[in-house]
Amino acid sequence: ADRGVYNFAAGPATLPLSVLQRAQAELVDYRGSGMSIMEMSHRGKEFDAAIKKAEADLRALLAVPDTHEVLFLQGGATSQFAAAPLNLCASPSDPADFVVSGSWSDKAFKEAKKFSAASVAWSGKDGKYTSLPPFDAIEQNPEARFLHICSNETIHGVEFKDYPEPKNKSGILVADMSSNFCSKPVDVSRFGLIYAGAQKNVGPSGVTIAIVRKDLVGSAQPITPVMLDYKTHADNASLYNTPPCFAIYICGLVFEDLLAQGGLAEVEKKNAHKAGILYDAIDASGGYYICPVEKSVRSLMNVPFTLAKGGDFEKQFIAEAAKEGMVQLKGHRSVGGVRASIYNAMPLAGVEKLVAFMKDFQARNP
Ligand code: PMP
């Protein structure tokens, strides 16, 4: 490992070393300006160029059609749980459908209830959030303003491999893509709204990206705070107020790196390979390691597993792994166990090292 550790954190998460080194080289004197980018006016020519390039590169990566705005926002993906119903529902009595496939979509649903008549169209709670429904089992309300999904549940490791068709009259599908954003190609035209906190796959915390269909912008509920109204940011090219300049700049460097890798189809291949060897190691352990998630919906980003031998062995596993330079492997406090987050920037060598460690740990602790 170039920095002595492989960081399996769920987010903020590991970033490409080349991006960090470039940011380091430009930190004190940004491209000959004599200032760092975090000391400059967000309305100056340097930052203007940086945010425009970041948007253009993201549009290229995801092939974002002209029908959609790209917005750089603040307040985390958590703020989008409120922004979605505030922007897409005409009033708090407008219905909205939620697929609740884990902790994050549950949080989104609960927040949306304040600003819409949100209801659960399918819940994975009884199955402990280890599966997704066949799409025809989602009980969609034809009157709903939108259907909301979380494309990748960061805690439970459940990922949509395809997307349900919204059966509501508006035809709007909304996705929280925080933890698999830019990990693979996505047909953006299928979505009315995509939002994602940057701090897993594309940058540091502090910036949240929203991709919203233009015709859905401009009809927010009257009570909508100015900062949550997509129109505010669309009308001002994400510069209504002071944006998170440094975070946006780093995202821009990550987008450049992803394009240089050959784009998201290439990135997806790498991610599938990394996740494949990790799930294979779990499944080939004879029940020593257990991933509870149904195979067809296992996440390429967050791999949760337990040790059949129990909690003390999990603690030992996590501690010994850390000693060998594989850090942040503890499962989320709500579910325990082990979780390996293997976002875009996790090198294959990091996953290979983890897999070798798992085999060794099992051999030493049969
Ligand atoms: N949605 C998902 C899928 C997440 O993983 C997270 C963060 N872990 C959030 C929403 C909340 O994001 P933030 O902390 O940026 O508000």
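The questions below go from domains to sheets, a helix and single residues.

User: What kind of model is this, and how are residues numbered?

Analyst: The model is predicted, so local features need pLDDT of at least 70 and side-chain atom pairs count only at pLDDT 80 or more, while totals for chains, interfaces and linings use all residues. Residues are numbered from 1 along each chain as its sequence is written.

User: Into which domains is the chain divided, and what separation in Å do their centres have?

Analyst: Domain bounds come from an automatic or database domain assignment. That assignment gives domain 1 (6-17 + 263-364) and domain 2 (18-260). Taken over C-alpha atoms, the centres of domain 1 and domain 2 are separated by 26 Å.

User: Which helix supplies the largest share of the side of domain 1 that touches domain 2?

Analyst: Contact between two residues requires C-beta atoms, placed from the backbone, within 7 Å. On that basis 29 residues of domain 1 are in contact with 34 residues of domain 2. At least two residues of this side of domain 1 come from each of helix 7 (264-283) and strand 12; helices (H or I, at least four residues) and strands (E, at least two) are DSSP runs, numbered from the N terminus. The largest share, five residues, comes from helix 7.

User: How many charged residues are on the side of domain 1 that touches domain 2?

Analyst: Ala, Val, Leu, Ile, Met, Phe, Trp, Tyr, Cys and Pro count as nonpolar, Asp, Glu, Lys and Arg as charged, and the others, Gly among them, as polar. By these classes, this side of domain 1 has 18 nonpolar and eight polar residues, and the number of charged residues is three.

User: Which strands are at the edges of the open sheet of three strands?

Analyst: Two strands pair if DSSP finds at least two bridges between them. The sheet has the order 11-12-14 with antiparallel pairing: strand 11 and strand 12 pair over two bridges, and strand 12 (residues 302-307) and strand 14 over four. The edge strands, each pairing on one side only, are strand 11 (289-290) and strand 14.

User: Which residue of strand 14 stands opposite Val 303, and is strand 14 buried or exposed?

Analyst: In a regular strand the side chains alternate between the two faces of the sheet. In strand 14 (residues 338-341), Val 338 and Ala 340 point one way, Arg 339 and Ser 341 the other, and all are buried; a residue is buried if 20 or more other C-beta atoms lie within 10 Å of its own, exposed if 12 or fewer, and partly exposed in between, with C-beta atoms placed from the backbone. The residue opposite Val 303 is Ala 340.

User: Which residue of strand 8 is the bridge partner of Cys 150?

Analyst: Cys 150 belongs to strand 5 (residues 147-150), where Leu 147 and Ile 149 on one side and His 148 and Cys 150 on the other are all buried. Strand 5 runs parallel to strand 3 (residues 95-100), with two bridges, and parallel to strand 8 (residues 173-176), with four. The bridge partner of Cys 150 in strand 8 is Asp 176.

User: Where does helix 3 have a kink?

Analyst: The 13 residues of helix 3 (residues 76-88) should span 18 Å, and the end C-alpha atoms are 19 Å apart, which agrees; the expected span is 1.5 Å times one less than the number of residues. Helix 3 is mostly covered, with 10 of its 13 residues buried. The bend at a residue is the angle between axes fitted to the seven residues ending there and the seven starting there. The kink, about 30°, lies shortly before the proline Pro 85, at Ala 82.

User: Which residues does a cis peptide bond join?

Analyst: Most residues other than glycine have a negative phi, and most peptide bonds are trans. Pro 12 is in the loop between strand 1 (6-7) and helix 1 (17-27). With omega about -5°, the cis peptide bond joins Gly 11 and Pro 12.

User: Arg 31 and Gln 328 both have a positive phi; which of them is buried?

Analyst: Phi is near 45° for Arg 31 and near 65° for Gln 328. Arg 31 has 11 other C-beta atoms within 10 Å and is therefore exposed. With 20 such atoms, the buried residue is Gln 328.
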